[in-house]
Amino acid sequence: MEHRTLGTSGLRVSPICLGTMTFGEPVNEADSIRLVHAALDMGINFVDTANVYEGYRRVLGSAGGWAEEIVGKALKDRRDQAVLATKVCAPLGPGDQDRGLGALHMHREVDASLRRLQTDVIDLYIIHWPDRMTPRESTLQTMDQIMRAGKVRHFGVSNHSAWQLCEFVWMSKQHGWPRVVSSQIPFSLLHRHFQHDLRFCEEYNIGVTPYQTLQSGLLTGKYKRGQDAPTGSRAAEKPAWIGERDDALYDKLEAFENLAGEIGVPPGQYALAWALTQPAMASLIVGVKRVEQIEDAIAATAVRIPADHMEKIDAIFEQPWRQMDPIRPA
Ligand SMILES: NC(=O)c1ccc[n+]([C@@H]2O[C@H](COP(=O)([O-])OP(=O)(O)OC[C@H]3O[C@@H](n4cnc5c(N)ncnc54)[C@H](OP(=O)(O)O)[C@@H]3O)[C@@H](O)[C@H]2O)c1
């Protein structure tokens, strides 16, 4: 796997990043630790977690922390082998200070994450969501303090659109605060809403680390029209995390699976390989339950999508704002 540079950070990261949202449940602690070690052994050097992750147990406002604790145990003796990312902002309780991007919560949470992760420093601290209650200047100032204290090396954002990234870039420049290095967005063939933002990230050298590029497994070919979800799959275990599967969706998936079949590649690998062709892509965050799924994701980095497939892909999975984007390249 050829590693890529993450934005302006200078960090070199594997094009596949290990997601940990399902650590704890359904992937128990021992298996999660095995997955982290297998990923490192296979050349993945990037691990993504969040203060809020606790697997399927997660409900809005529950305390989180479980996945970070597991990642901390997994990396205890291998910390130097991983670029470690975690996040802050999501609600962790009913209290006023239990969420968001205010200074009190961020200072408290970075210390809690460091403790759970059993580390002195977080390589990439990610603002999980925008927080309408806190001005961006205030958040950046807090991030600056946290970084000056040596607790965080770089910061990134998640679930922000290009105009919000733009604000971060110019405010940092104006005040001499650290610059955003990465953007974590939902992005897959079935979810291309951020497609045009990639150009902004390319222009400003912000590394994109998309999540759900397999769309929770829908793009792996495991779900078939008219059939029950396979036992042990996300759709069988946690249907709320995958959504409705109707005929319109299967029309797309079947056409897509045929396209992948044309070059003899499993659909999941094809979906990841396509994402890696997109502008500013640094590393795809992939969720896995088994070692074979890590192997599949790594194999995708060697897949090349034929040039004449790009139009066929766009015909199956429409791009956003196709009619109204005045700057879309011809
Ligand atoms: N920033 C954010 O707001 C945000 C939000 C969501 C996620 N994330 C990050 O992104 C990561 C990935 O998210 P995700 O797990 O929801 O999405 P995903 O990577 O699209 O889906 C992962 C799921 O797909 C299935 N799968 C993976 N490889 C497969 C293969 N080769 N064959 C068949 N099935 C396969 C597995 O589910 P089953 O085997 O159970 O079917 C796996 O758990 C998370 O762990 C987290 O780190 C970030």
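By class, the shell around the ligand comprises six nonpolar, 17 polar and five charged residues, where Ala, Val, Leu, Ile, Met, Phe, Trp, Tyr, Cys and Pro count as nonpolar, Asp, Glu, Lys and Arg as charged, and the others, Gly among them, as polar. The model is a predicted one, in which local features need pLDDT of at least 70 and side-chain atom pairs count only at pLDDT 80 or more, whereas totals for chains, interfaces and linings use all residues. Residues are numbered from 1 along each chain as its sequence is written. The ligand is surrounded by 28 residues, the closest being Gly19, Met21, Tyr211, Gly217 and Gly287 (near: C-beta atom, placed from the backbone, within 6 Å). Both β10 (284–286) and α10 (291–300) supply at least two residues of this shell (DSSP runs numbered from the N terminus: helices, H or I, at least four residues; strands, E, at least two).

Strand β3 (residues 16–19) pairs with β4 (residues 46–48) in the parallel sense over two bridges, and Gly19 stands opposite Asp48 in β4.

The axes of helices α8 (residues 247–262) and α11 (residues 309–316) come within 10 Å and cross at roughly 170° (lines fitted to C-alpha atoms, for helices over the stretch in contact, with angles from 0 to 180 degrees between N-to-C directions). Helix α8 is therefore roughly antiparallel to α11 (over 145 degrees).

Notes: Angles under 35 degrees count as roughly parallel, over 145 as roughly antiparallel, 65 to 115 as roughly perpendicular and the rest as oblique. Two strands pair if DSSP finds at least two bridges between them.
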